[in-house]
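Please look through the model below before reading my comments.

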Amino acid sequence: MELHYRAGEAISTVGIRRKPEGGGGAGAGAGAYVVTVDGRPHDVVVRAARGGRLDLVVDGRPVRAHAAEDGARRLVRLEGRPPLALVREETRAPRRRRARGAGGEEGLAANMHAQVSAIPVAEGDAVERGTTLVVLEAMKMELRVVAPYPGRVRSIDCRIGEVVERGRILVELEPLDSL
Amino acid sequence: MREIRKLLIANRGEIAVRVARACEELSIATVAVASEADRNALHARVCDEVVEIGPAPARESYLRGDRIVEAALARGCDAVHPGYGFLAQNAEFAGAVEREGLVFVGPPPAATRLMGDKPAARRAMQAAGVPVVPGFEGSGREDDETLAREAARVGFPLLVKAAAGGGGRGMRIVRAPADLEEALASARREAEKAFGDGRLFLERYVDQARHVEVQVLADSHGACVHLFERECSVQRRYQKIVEESPSPLLDPPLRARMGEAAVAAARACGYANAGTVEFLVGPAVGGEKPFYFLEMNTRIQVEHPVTEMVTGVDLVKAQLRVAAGEPLWLRQGDLALRGHALECRLNAEDPAHDFAPSVGRLLLVSFPAAPFVRVDAGYETGDEVSIHYDNLLAKVIVHAETRAAALARMDRALARAAVLGPTTNADYLRAVLAHPVFRAGEATTAFTARELAGWRPPAAAPSDDALVAAALAEFLAAEGRAAANGAGAGAGAPDADRFSPFARADGFRVGGA
């Protein structure tokens, strides 16, 4: 079995082969495997795998990990290490970059997952650098999205009360010197 | 004595769960209140009954005192525990609870009111002989000219603070007289907006200060003891993240003096129940470390478990017992500090993005069971972390014979704790524990800003081990599903999860939204 995972832009391919004489059969998944990562072979014994927890022996070293899946996203954490987010890909082909919307470069994005609590400007307003365009609120924290340059508000792409994800474009601001 | 048989917990998250656990042991029935978003939250699941009190935003649910009192009466409760935050220090709410003939598990409203007004509290403390930070508190409505004159007397740098303040709001550090006018104006504006009260007072700014607080416990018959201190100097943006007891700073004579001052503070405001007197401890002057009253928190605190560990006193149970009118069963001489306890606050926040809140479904939550490790969590696998509430996921608390042993124990506990889904500050907390200044017991309130401002999370480049684990989890899940399907009709797909090494958070839950 071959599986492809993407971390950022890099894609790794992992091959799994069960060893015929692995002492398997004692419980689901327990047994010995040869797992190759981008061609590098590793000797792996699965001691236990249940409830999101994996107890492995990789090349003779104990490796304890937790894993979870969320759509195509795979989260894996080795004990004592930060969690790692991977995306399961069907092929090794590099992902095409998502096309950006027109004027995307002038779009100001939410930098946290939050609720829009105020929009003190209106479409068509000319604003100075530093003017608050949108106020976000999450977990008692208030965050202001401010104009990074003088400009005219081309469009407001969010509503008061709406919950927005990080990265979501909230306002498009046309630089004033381009008018 | 008023027996408490059924109690409403006016809170959510880990503290609501903590209170429910204490009630279970005392055979007190529990009623949870929950917003629509929290209908199936852990705190609602662990209580005997749940009352939905409104939409997700706190001001429409957990801050609706009227609905909470109504729910308590409708469900036949005889008491209300406010937890911390929300309505815990709202004297009107406490008064409303008591007017309905219910027991409020907290101090009398008058004590909360006095301590909530910072200038009034400073005056009361001075009258009781408790040292306060040198400063000026008048009516709070003095003109700028008067305040400038008083500021010169207090000396610079100083703090402009809001009379109704808290959490750093309405507070400004002023380093030179020229900056005073602007600081007064902006602090007044912010305080007016945040508290509807623009009154201000002045305090000398104590540089290199330590935040040391003393736990007190008083009954309603005039008895009061202290349960020693907690050191809470490690803070980020005025939020404590690591707390410990005892404080590495205090020696026995200073500990005794601060304990006595805390008891005097509690007596001066007619306190009953559990409370915390916060002090600043300044750098030594002529061999003496000066300490100053900062404020009193008239509620149970987030960090109460460290005191529970070193004293062996269950503070939440103690709250329930004194609220019921029981005379205090502890005398000061009975209390002793044993070993060292440490608490770390595991928050759903992303250190790589300026600690922005990190929300969403918890795909996996796994805390280690280990000797002398306690975890007070508000969430389990599958629960949702919402933008509407604070970001505390869980508190990890350890107890050990020495501080060094407690640090090692905490580091291992954090290394083994796994949270997948929202990002946490676990690695940041481990960086605090590993820092030489903290290890030496010398962290001041400026520690994180000075020593960890440049900290970045370790790069999570995919190692072969991680890829091996991810792929095997996937492979074994597929195998498990195949085995379940192969087992024929009847066994069916739901059984496949039994074989799956993945944590799945999309499980069916009765009444789930």
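1. Basis. This is a predicted model, in which local features need pLDDT of at least 70 and side-chain atom pairs count only at pLDDT 80 or more, while totals for chains, interfaces and linings use all residues. Residues are numbered from 1 along each chain as its sequence is written, chains are lettered from A and ligands numbered from 1 in the order in which they are written, and side-chain values use heavy atoms, without hydrogens and water.

2. Helix α8(B). Helices (H or I, at least four residues) and strands (E, at least two) are DSSP runs, numbered from the N terminus. Helix α8 of chain B covers residues 180-195 and spans 21 Å from first to last C-alpha, close to the 22 Å expected (1.5 Å times one less than its number of residues). Just after α8(B), B:Gly196 has a positive phi of about 65 degrees.

3. The buried residues (under 20% relative accessible area, 1.4 Å probe, protein chains only; exposed is over 50%, partly exposed in between) are B:Leu180, B:Ala183, B:Leu184, B:Ser186, B:Ala187 and B:Ala191. Their cover includes α7 (144-154), β7 (158-162), β8 (172-174) and β9 (200-204) of chain B.

4. Second largest pocket. On a 1 Å grid over the protein atoms alone, a pocket is an open set of points with protein on both sides within 12 Å along at least five of seven lines; a cavity is a set where a 1.4 Å probe fits but cannot get out; lining residues have an atom within 4 Å of a point. The second largest pocket holds about 1,200 Å³. Its lining has 50 residues, and those closest to the centre are B:Asp350, B:Ser358, B:Gly421, B:Pro422 and B:Thr423. Both chains take part: β7 (73-78) and β8 (84-89) of chain A each supply at least two lining residues, while α13(B) gives the most, with 4.

5. Largest cavity. There are 3 cavities of 30 Å³ or more, and the largest has about 70 Å³ of space. Among its 14 lining residues, B:Glu231, B:Val234, B:Glu244, B:Phe438 and B:Ala443 lie nearest the centre. The largest share of this lining, 4 residues, comes from β11(B).

6. Cysteines. The whole structure has 0 disulfides (pairs of cysteine sulfur atoms within 2.5 Å). For B:Cys224, the nearest cysteine sulfur is that of B:Cys269, 9.0 Å away. B:Cys224 is buried at 12% relative accessible area. The sulfur of B:Cys232 is too far for a bond because the closest cysteine sulfur, in B:Cys344, is 12 Å away; B:Cys232 is buried at 0%.

Terms used. Contact = heavy atoms within 4.5 Å. Points joined across faces, edges and corners; volume = space filled by probe spheres on them.
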